[in-house]
Amino acid sequence: MSSSFSPIASGPLARRQSRRAVISYGARQVVVGGGAPVMVQSMTNTDTADAIGTAIQIKDLARAGSEVVRITVNTPEAAAAVPAIREQLDRMGVDVPLVGDFHYNGHTLLNDYPDCAQALSKYRINPGNVGKGAKRDTQFAQMIEVACRYDKPVRIGVNWGSLDQALLARIMDENARRKEPWPAQAVMYEALVTSAIENAQRAEELGMAGDKIILSCKVSGVQDLIAVYRELARRCDYPLHLGLTEAGMGSKGIVASTAALSVLLQEGIGDTIRISLTPEPGGDRTREVIVGQEILQTMGLRKFTPMVIACPGCGRTTSTVFQDLADKIQTYLRDQMPVWKGVYPGVESMNVAVMGCIVNGPGESKHANIGISLPGTGESPAAPVFIDGEKRMTLRGDRIAEEFQSIVLEYVQSHYSKQSAA
């Protein structure tokens, strides 16, 4: 009997072919689209008028791995502070490009504060919040003209919570004339996509180069986001920024963002992402950067930091030793990456396994670059360590975590140094 088996395909579909945009500051260039790796960005939640506080948060976000950071520019005081923020970042050696987020009064602020317009690396324009009636076209044109004057790219970012009501009314009128009108949800989708594309075309008519434009159509629902971006990707070749406009807090926000973005990224759609998490009270803003990186890394699209593989635990692992060890190692690796990435090329591809018992522990540890398998419940604290598939030693006693961390560091130094790479 002949077999009809064929190899199972793996990995994401081919990337959608989009134009190539560049966001730059000094010698630093971040490429968006055109086949470049999917970029992770974030946004501050400080008062931009507080130049020092905002610069510190930007530094933290950049150190966590944000490749572009967006800041609110909503008042004259905020616009006046942007050059000071840029100068403070320069003094701290932080060259991350800054994006100005404008709503309602962006045309005024960009014209009245030319130093702000120059200091920013990109402008985000929401066409639904540019103005109403006759003022809308004029004020949109003013923002595009400033962007052209300073040679800045723009993101034309449509949100369904602030959709251009005149455009929505037009789409609804067109729908009413159909023999079989679309449902209200489909009309909303069409209005979002149409707004993004028509405003991008208008920007080009005003003199902006097509490779200076990035588009987004943000919504809050997972299925809505997938449907809108599939259509947007089908109808244009601009680079696309992905993200739920309000992902939510904690696990809900992480799960919703992962569910939506993973589907689109798997289909080759998306050139830059932001995870719009609501921070826990007193929580760390950098969490949204880490989640974005982990989505891309677990999908095999990029590598940012060594991955820690750890089992979930079961009745065989009532001890919390392996949980503490996994947490310490994962935190240690991420904390070291800002230094390691410049000293140990390729270290971000390293895998470390921290397993709790003998069922899958030795096997998983052998598959990792470095692995440790704790014995589980009711056994003496003896933990074999595997390096590149071979058992090299057994750790015992109360200092297993510290000793294993030293072994990881020695492995990094010996396998990923620039000298060993050469």
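Good morning. The model is a predicted one, in which local features need pLDDT of at least 70 and side-chain atom pairs count only at pLDDT 80 or more, while totals for chains, interfaces and linings use all residues. Residues are numbered from 1 along each chain as its sequence is written, and side-chain values use heavy atoms, with hydrogens and water left out.

I begin with the sheets. Strands of a sheet pair through backbone hydrogen bonds, either parallel or antiparallel. Helices (H or I, at least four residues) and strands (E, at least two) are DSSP runs, numbered from the N terminus. Two strands pair if DSSP finds at least two bridges between them.

Eight strands make up an open sheet with parallel pairing, in the order β8-β7-β6-β5-β4-β3-β11-β9. At its edges lie β8 (213–218) and β9 (241–242), each of which pairs on one side only. Within this order, β5 (residues 98–102) and β6 (residues 122–125) run parallel and are joined by four bridges. Phenylalanine 102 has isoleucine 125 of β6 as its bridge partner.

The structure also has an open sheet of five strands, ordered β13-β14-β15-β16-β17, whose pairing is mixed. Its edge strands are β13 (307–310) and β17 (390–396), each pairing on one side only. Direction ignored, neighbouring strands of this sheet are turned by 20° against each other on average. Strands β15 (residues 370–373) and β16 (residues 382–387) pair in the antiparallel sense over three bridges. Opposite isoleucine 372 stands valine 385 in β16. Helix α11 (residues 321–343) packs on this sheet and touches β13, β14 (351–355) and β15; the direction of α11 makes about 160° with that of β14. Contact here means heavy atoms within 4.5 Å. Axes are lines fitted to C-alpha atoms, for helices over the stretch in contact, and angles run from 0 to 180 degrees between N-to-C directions.

I turn now to helix pairs. Two packed helices are described by the angle between their axes and the distance between the axes.

What is the crossing angle of the axes of α1 and α2? The axes of α1 (residues 51–64) and α2 (residues 76–91) cross at roughly 50° and come within 9 Å. The two helices are therefore oblique to each other; angles under 35 degrees count as roughly parallel, over 145 as roughly antiparallel, 65 to 115 as roughly perpendicular and the rest as oblique. The crossing of α1 past α2 is right-handed: a crossing is left-handed if the near helix is turned anticlockwise from the far one by less than a right angle, and right-handed if clockwise. On the α1 side the contact includes Ile52 and Ile58, and on the α2 side Ile85 and Leu89. By class, this contact has eight nonpolar, two polar and one charged residues. Ala, Val, Leu, Ile, Met, Phe, Trp, Tyr, Cys and Pro count as nonpolar, Asp, Glu, Lys and Arg as charged, and the others, Gly among them, as polar.

Helix α7 has 22 residues (184–205), which should span 32 Å at 1.5 Å a residue; the end C-alpha atoms are 31 Å apart, which agrees. The expected span is 1.5 Å times one less than the number of residues. Just after α7, glycine 207 adopts a positive phi of about 110°. The axes of α7 and α8 (residues 222–235) come within 10 Å and cross at roughly 45°, which makes α7 oblique to α8. This crossing, too, is right-handed. Among the contact residues are Tyr189 and Leu192 of α7 and Val228 and Leu232 of α8. The contact comprises eight nonpolar, three polar and four charged residues.

Finally, α9 (residues 250–266) and α10 (residues 287–298) have axes that come within 10 Å and cross at roughly 40°, in a right-handed crossing. Ile254, Ser257, Thr258, Ser262 and Leu265 of α9 meet Arg287, Val291, Ile295 and Leu296 of α10.
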